[in-house]
Structure formats: structure tokens, C-alpha cells
Amino acid sequence: MEFRVNDAVLYGTEGVCRIAEISEQNFMGESRRYYVLKPVYSGSSTVFVPLDNEALTAKMRRVLSPEEIYTLIRTMPSEEALSIDDDHARRDHCRAVLNGGDRAAMVGMIKALYLRKQRQEAAGRKFHAADEHFLHDAEKLLYDEFAHVLQIKRDQVLPFILAQIEVQTKA
């Protein structure tokens with residue numbers, strides 16, 4: 001997929017970025033063409049992605065359209081929450097989901113981790129720090145994308161999703 005200057009993209013776990021420029025850069029004596037990405041929600045950093053590095057350019061994904069977001073929200077109640085009890089397997093699965101960029105899988109992961117957190121707390125046990133980290137990262141990626149595309153504030157995303165689901169269940 002080819003991107004242009006000013007396109008909004010998701011980049012790995014960095015979140016929503018704007019392509020500020022596509023330019024020739026010289027790093028360590030080697031001149032290459034790069035996508036120069038500016039994260040939308042963390043203004044001070046810059047990400048350089050070499051155009052000729054397929055592994056890194058594969059981490060760049062287009063943002064969803066508003067219609068795709070509404071469709072995803074409609075599927076949230078029925079999205080399967082995969083429960084993985086083995087800590088290592090769960091960690092590997094969460095890492096793969098975050099790096100893979102499949103938003104439906106991310107919704108399932110958020111749902112599963114949230115339910116796991118509730119079960120752990122109800123049993124008087126602590127929620128694993130790694131699980132908390134994955135939950136936070138997945139929510140950040142999803143909420144940042146929704147906020148950007150729908151042009152709402154990040155803290156309005158969850159209430160927006162819940163309101164959409166409530167309207168859907170009443171229909």
C-alpha cells in the first residue's frame with residue numbers, strides 16, 4: 001500500500017500518525033527515502049520508516065473509515081472474548097494482536113482482558129501487570145483511532161461506544 005504526505009496511518013503500537021513528509025534522509029552515512037511520521041497524540045516524537053524496508057512499512061496501516069468504525073462497534077457485543085489461562089500463551093497472543101492491527105481481534109482482546117480483570121478482582125487477586133499493560137496499549141490504539149476518525153476527544157470514545165451499543169440493543 002502506498003501512502004502520501006498528510007495521510008493518517010496507524011504505525012505499530014505508536015498509534016495514529018500523520019505522514020509529515022516523504023524525504024531522502026541520511027542516517028549513519030546511508031541515504032534512503034523515508035516516511036516521516038508525526039504521532040498525532042504525542043507531539044514531540046518523530047518516526048522514520050524506510051520506504052524500502054518491507055517489515056517496517058508493513059506496520060503502517062490505513063486508519064478505519066467512520067463507516068468501518070460504526071460496523072466494528074455494532075459487532076462488539078458479539079465479539080468473542082478468548083480466555084487464555086496460561087500467562088505465556090496469553091502474553092504471546094496479546095503481543096501478536098497488538099502488532100497485527102486487526103481491530104476486531106483487538107476488541108476481543110480488550111474484552112477478554114477486562115473480563116479477566118473483573119474475575120481476578122472478584123477473587124481477591126491482583127491483575128497481572130503485563131495484562132494491564134496490554135489492556136492499556138490496546139485501548140489507547142483503538143480509542144486514539146476512533147477519536148481521530150470520528151473527530152471526538154479521546155475521553156469521549158468509551159461513552160460514545162457504549163451509547164452506540166445501547167441504541168443498537170434497543171432497536
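**Stop 1: the aromatic rings**

Select phenylalanine 48 to begin: with 34% relative accessibility, this residue counts as partly exposed. (Buried means under 20% relative accessible area, exposed means over 50%, and partly exposed is in between, using a 1.4 Å probe and protein chains only.) Before going further, note that this is a predicted model, where local features need pLDDT of at least 70, side-chain atom pairs count only at pLDDT 80 or more, and totals for chains, interfaces and linings use all residues. Residues are numbered from 1 along each chain as its sequence is written, and side-chain values use heavy atoms, with hydrogens and water left out.

A search of the whole structure turns up 5 aromatic pairs. One of them joins phenylalanine 27 and tyrosine 34, edge-to-face, at 5.2 Å centre to centre and 90° between the planes. (Rings of Phe, Tyr and Trp, the last by its six-membered ring, pair if their centres lie within 6.5 Å; planes under 30 degrees apart count as stacked, over 60 as edge-to-face and the rest as tilted.) Phenylalanine 27 is partly exposed at 34% relative accessibility, while tyrosine 34 is buried at 6%. Tyrosine 34 also pairs with phenylalanine 48: their ring centres are 6.2 Å apart and the planes sit at 90°, so this pair is edge-to-face. Because tyrosine 34 belongs to strand E3 (residues 30–39) and phenylalanine 48 to strand E4 (residues 47–50), the pair ties together parts 14 residues apart in sequence. (Helices, H or I with at least four residues, and strands, E with at least two, are DSSP runs numbered from the N terminus.) Ring pairs link Phe27, Tyr34 and Phe48 into a cluster.

**Stop 2: glutamine 25**

Next, click glutamine 25, in strand E2 (residues 15–27). Which residues is it in contact with, leaving aside neighbours within four places in sequence? They are Glu30, Ser31, Arg32, Tyr34, Val36 and Phe48, where contact means heavy atoms within 4.5 Å. Show the side chain of serine 23 as well: a polar contact of 2.7 Å joins it to the side chain of glutamine 25. (A polar contact is a pair of N or O atoms within 3.5 Å; within protein, one must be able to donate a hydrogen and the other to accept it, and residues adjacent in sequence count only if both atoms are side-chain atoms.)

**Stop 3: helix H3**

Select residues 87–100, which make up helix H3. Colour Arg90, Cys94, Val97 and Leu98, which are buried. They cover an arc of only 95° around the axis, so they are on the same side of H3; the arc is that of the directions from the helix axis to the C-beta atoms. His88 and Ala96 are exposed on the other side. What do the buried residues of H3 pack against? Show strand E5 (60–62), helix H4 (103–122) and helix H5 (129–150) to see these partners.

Aspartate 86 caps the N-terminal end of H3, with a side-chain oxygen 3.3 Å from the backbone nitrogen of histidine 88. Just after H3, glycine 101 has a positive phi of about 80°.

**Stop 4: lysine 111**

Finish in helix H4 with lysine 111, which is partly exposed at 25% relative accessibility. Its side chain reaches the backbone oxygen of proline 77 at 2.9 Å, and the side chain of lysine 111 reaches the backbone oxygen of glutamate 79 at 2.9 Å.

Technical notes:
The expected span of a helix is 1.5 Å times one less than its number of residues.
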